[in-house]
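Colleague: I have a model open and would like to learn how to read it. Could you walk me through a few features?

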Amino acid sequence: MSNPVHQICDIIRRERSFLILTHYRPDGDAVGSQLALVLMLKKIGKRVAAWNDDAVPTKFHFLPGASLIRKPPAKPQKFDVVISIDSSNWQRVGTAAEKIASRKHLINIDHHVSNDRFGDINWIVPSSPASGQIAFDLIRRGGFPLTRDIATCLFAAISTDTGSFSYANTTAECLHVAAQLVGTGLNVGKISHHVYESYPYARLHLLRLVLADLKLADRKRIAYYWITKEMFEESRAKREDTEGVIDYARSIDGVVVAILFEELNEPGKIRISLRSKNAKVDANAIARVFGGGGHREAAGARIPGRPSEVERRVLRAVRAEIRSEEHTSELQSHSDLV
């Protein structure tokens, strides 16, 4: 089988028109990776479009090329190449999928272990902390230009998916990549200011309401809270303002799994976000029970049902995963003693 990186580089050099997609409700890794590819392709003279059902979150408006990401057009368009980055399945690119009249190649670049390999060419690297790092690898291995603007987008992508280089997925390679990006002359202080120090007051109002709802379960090993429609209305916060809210529950000493439940505008739909602080407790496995996915440490899903029913089902699944890990550890401990 051909190396997917070589295949992708050959296609980039050969073809002319490109569409770059990522998942709806894009986070920093999604936006940064998408923009880096857009800017790189434009730099080498390609015709490029970038679509998303949802607008670029306000705090990422500073990224070079942010205005290039548009909503999918009313009339379907033709492309030589469609590249999806940071989306674990084709459904997560939203209505953009319906606006592709034709394409020769569908390239799937991602780092989620749950990726279902929907592309004609799939380059999936679960060990990578961020899709931005895979995009950097593509640029370097293909000999494509790495400008300061492209590096700024990639740095923002990697920084956000590693918790500003504080999560367990921050590897030596990740830090080496970050150093090379900084070497282009990008402004680390400016990026950090926009990403981590420019929250609107409405988000803090929302956070106050959410933290007041914090609950602990399973001998304080599970922390969870809700974001309801009423909380959005009272705080006037946007959906994008929920990013990072789950980290407050995750930060509690002794908590193994943090859960954020969010009421969506879609009737009868609940969005869950999961964070695991124990490498043996698999957040992705829990999310997959409900048709979602992600990583071992971070995953999510969208679940139909009444709020009380969804909460009960999710807590049951989380408890089962924690107890499964405990049982495995007990067996391993017994085996070590024999």
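Modeller: Gladly! Let's begin with a term: accessible areas come from the Shrake-Rupley method with a 1.4 Å probe. Here we have a predicted model, and its protein chain exposes about 15,600 Å², with carbon and sulfur atoms supplying 50% of that area.

Colleague: And what share of the residues is buried?

Modeller: Buried means under 20% relative accessible area. In this protein chain, 53% of the 338 residues are buried.

Colleague: How many helices and strands does the chain have?

Modeller: There are 11 helices and 14 strands in the protein chain. Its radius of gyration is 20 Å, close to the 20 Å from the globule rule for 338 residues, so the chain is as compact as a globular protein of that length. The C-alpha trace spans about 60 × 60 × 40 Å along its principal axes.

Colleague: How should I read a sheet?

Modeller: Strands of a sheet pair through backbone hydrogen bonds, and the pairing is either parallel or antiparallel. In this model, an open sheet of 6 strands pairs in parallel, in the order β3-β2-β1-β5-β7-β8.

Colleague: Which strands stand at the edges?

Modeller: Those are β3 (69-70) and β8 (121-124); each has a single partner strand, so one side of each is left without a neighbour in the sheet. For β8, look at β7 (residues 105-110): the two run parallel and are joined by 4 bridges.

Colleague: Which residue of β8 stands opposite aspartate 110?

Modeller: Isoleucine 124 does.

Key. Residues numbered from 1 in each chain as written. Predicted model: local features only at pLDDT ≥ 70, side-chain atom pairs only at ≥ 80, totals over all residues. Heavy atoms only, no water. Rg over C-alpha atoms; globule rule 2.2 N^0.38 Å. Buried < 20%, exposed > 50% of the residue type's maximum accessible area, 1.4 Å probe, protein only. Pairing = 2+ DSSP bridges.
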